[in-house]
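Hi,

Here is the structure I promised to pass on to you. Have a look at it first, and then read my notes below.

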Amino acid sequence: MSRVKTGVVRRRRHKKILKLARGFYSGRRKHFRKAKEQLERSLCYAFRDRKRKKRDFRRLWIVRINAACRINNISYSRFMHGLKLAKIELDRKILADMAMNEPENFAKVVEAAKQAIK
């Protein structure tokens with residue numbers, strides 16, 4: 001069997017890993033083995049946190065909507081129930097933005113939700 005030399009292939013593979021490891025601290029960006037280990041861990045965190053970000057934003061929107069609802073004398077759950085009954089299909093992202101930047105328009109939506117509950 002003939003001998004296989006990996007010079008070019010190995011160098012390309014190492015360069016690819018080390019390029020992705022730029023910005024890591026100390027030997028984790030300079031030494032191939034440490035860089036590879038850290039990169040595997042970092043990519044796992046990145047995958048996990050892309051999912052986590054969606055949860056975090058939804059929680060933030062709910063907190064903002066709840067605060068604006070309390071100002072308008074209604075609880076968050078009753079407000080959301082009222083929106084469903086009134087057939088107002090605004091998602092939480094838009095509602096949170098309205099609550100923060102356009103409180104007068106948000107108050108109108110709250111009134112519509114209150115009317116639907118009665």
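Let me start with a term: helices (H or I, at least four residues) and strands (E, at least two) are DSSP runs, numbered from the N terminus. The model is a predicted one, in which local features need pLDDT of at least 70 and side-chain atom pairs count only at pLDDT 80 or more, while totals for chains, interfaces and linings use all residues. Residues are numbered from 1 along each chain as its sequence is written, and side-chain values use heavy atoms, with hydrogens and water left out.

H3 has 40 residues and reaches 56 Å from its first C-alpha to its last, close to the 58 Å expected at 1.5 Å a residue; the expected span is 1.5 Å times one less than the number of residues. Where is H3 kinked? The kink, of about 25°, is centred on Arg50. The bend at a residue is the angle between axes fitted to the seven residues ending there and the seven starting there. After H3 comes Asn73, whose phi is positive, near 60°.

Some residues of H3 are buried, including Phe32, Leu39, Ile65 and Cys69. Here buried means under 20% relative accessible area, exposed over 50%, and partly exposed in between (1.4 Å probe, protein chains only). Among the elements that cover the buried residues of H3 are helix H1 (7–20), helix H4 (76–86) and H6.

Now for the charged pairs. Side chains of opposite charge can pair when their charged atoms come close. A salt bridge is a side-chain nitrogen of Lys or Arg within 4 Å of a carboxyl oxygen of Asp or Glu. How many salt bridges are there by this rule? The count is three:

- Asp49 pairs with Arg48, with the closest N and O atoms 3.0 Å apart. Asp49 is partly exposed, at a relative accessible area of 35%, and Arg48 is partly exposed at 46%.
- Asp56 pairs with Arg52, and their closest N and O atoms are 3.6 Å apart. Asp56 and Arg52 are four residues apart in helix H3 (residues 32–71), so about one helical turn separates them. Asp56 is partly exposed at 35%, as is Arg52 at 38%.
- Glu111 pairs with Lys114, the closest N and O atoms being 3.8 Å apart. Both residues lie in helix H6 (residues 103–117), three residues apart, about one turn of the helix. Glu111 is partly exposed, at 41%.

How values were computed: Contact means heavy atoms within 4.5 Å.
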